[in-house]
Amino acid sequence: MNISQLMAQGATVIDVRTPGEFQGGNVVGSINIPLNEIPQRIEEIKEIKGTILLCCASGNRSGQAQNYLSHQGVDCENAGSWLEVNRLKAMA
């Protein structure tokens, strides 16, 4: 399934950028969990129902988060740049 389809199905978007970056612009309804906080917040993340889409500025940090979370058994996808996720959400 592609990112657009997952968004249409109500996937949760987690933005792994810093709080300052997140405040500068983000996907409406997304959750900000900075990359460095993911290990400490793994139980919170595991409670999220359905697929999780991870985004950041370029796709690098969200790729790192996806690698870590998938090894923890979390259903997640690297959605890349938050700007692209925002564009896809607006089209959905």
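**Figure 1. Salt bridge between R41 and E37 in the predicted model.** R41 forms a salt bridge with E37, and the closest N and O atoms of the two residues are 2.9 Å apart. The coordinates shown here and in the following views belong to a predicted model. R41 is partly exposed, with a relative accessibility of 22%. E37 likewise counts as partly exposed, its relative accessible area being 29%.

Figure 2. E44 is partly exposed at 38% relative accessibility. Side chains of opposite charge can pair when their charged atoms come close.

**Figure 3. Salt bridge between E21 and R61.** Among the five salt bridges of the structure is the contact between the side chains of E21 and R61, at 2.8 Å from N to O. Because E21 belongs to helix α2 (residues 19-23) and R61 to helix α4 (residues 60-71), this pair ties together parts that are 40 residues apart in sequence. E21 is partly exposed, with a relative accessible area of 29%. For R61, also partly exposed, the relative accessible area is 23%.

**Figure 4. Burial of strand β3.** Strand β3 spans residues 52-56 and is mostly covered, with five of its five residues buried. In a regular strand the side chains alternate between the two faces of the sheet. In β3, I52, L54 and C56 lie on one side, whereas L53 and C55 lie on the other. Both faces of β3 are covered, since these residues are all buried, that is, under 20% relative accessible area.

**Figure 5. Pairing of β3 with strands β1 and β4.** Strand β1 (residues 12-15) and β3 run parallel and are joined by four bridges. Within this pairing, I14 stands opposite L54 of β3. Strand β4 (residues 76-81) also runs parallel to β3, and five bridges join the two. Here L53 stands opposite E77 of β4.

**Figure 6. The β-α-β unit of β3, α4 and β4.** Strand β3, helix α4 and strand β4 together make a right-handed β-α-β unit. Helix α4 of this unit contains R61, the residue that is paired with E21 of helix α2. The strands of the unit, β3 and β4, are joined by five bridges in parallel orientation.

Conventions: Residues numbered from 1 in each chain as written. Predicted model: local features only at pLDDT ≥ 70, side-chain atom pairs only at ≥ 80, totals over all residues. Heavy atoms only, no water. Salt bridge = Lys/Arg side-chain N within 4 Å of Asp/Glu carboxyl O. Buried < 20%, exposed > 50% of the residue type's maximum accessible area, 1.4 Å probe, protein only. Pairing = 2+ DSSP bridges. Right-handed = clockwise from strand over helix to strand, strands pointing away.
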